[in-house]
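Have the structure open as you read.

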Amino acid sequence: MSAELRGFDADNHYYEALDAFTRHIEPAFSKRCMQWATIDGKTRLLVGGKISRFLANPTFHQLSAPGSLENYFRGKNDSGASVVELFGELEPCRAEYRDRDARLRVMDEQRLDGAFFFPTLGVGMEQTLKNDLPAAAAAFRAFNRWMDEDWGFHYQERIFAAPYLSLSDVANAVSELQWALGRERGSSSCRPVR
């Protein structure tokens, strides 16, 4: 008897939509958190009114091909090329990087039963707001609502995207956790959390 082997990816990422931090931002924090601006003809991310340099391309409109850095991370870079050179020719953002149903189709092709999903841009945003902790809390409340809408926390028992809980404000973190657990319980695509 041969059963099809399938896997579970414990380190998957999504590329955030442009409005991931702005779609649900509380108006009182809109200028203290994330904003987009065109500066010298390029779309730039402003955080707290300053250009964020966390990622060179936070819009994710052009990306390296999957696996382009595999040899680099395996310690194989005999040519001594820079990371930017190893990226190679950039390609447009694929649908599966931002759309959960498209991602499920790719996961089927890859024979993945499920995956834990983590932010790409989001992982660097708390640090950029370290001097304005109320704004950081507001930014991630907005981010979590975006994530719930676009990815879900437990989509079709296969995509598991955890909310981002900033621990700089414990009361806010507890409140966000309770909100997220409530979303899990209330979602028709999720099992109740016990």
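**Pockets and strands**

Start with the second largest pocket: its lining has 3 nonpolar, 5 polar and 4 charged residues. Here Ala, Val, Leu, Ile, Met, Phe, Trp, Tyr, Cys and Pro count as nonpolar, Asp, Glu, Lys and Arg as charged, and the others, Gly among them, as polar. A pocket is an open set of points on a 1 Å grid over the protein atoms alone, where a 1.4 Å probe fits, with protein on both sides within 12 Å along at least five of seven lines; lining residues have an atom within 4 Å of a point. Among those lining this one are R32, V47, K50 and D132. Its volume is about 210 Å³, counted as the space filled by probe spheres set on the points, which are joined across faces, edges and corners.

This is a predicted model, where local features need pLDDT of at least 70, side-chain atom pairs count only at pLDDT 80 or more, and totals for chains, interfaces and linings use all residues. Residues are numbered from 1 along each chain as its sequence is written, and side-chain values use heavy atoms, with hydrogens and water left out.

Now for the largest pocket, which holds about 1200 Å³ of space. Of its 35 lining residues, Y15, L63, S64, A65 and P66 are the closest to its centre. Strand β1 gives the largest share of that lining, 4 residues (strands are DSSP runs of E, at least two residues, numbered from the N terminus).

Follow β1 onward: it pairs with β7 in the parallel sense over 5 bridges, where pairing takes at least two DSSP bridges. D9 has A115 in β7 as its bridge partner, and A115 in turn partners I159 in β8.
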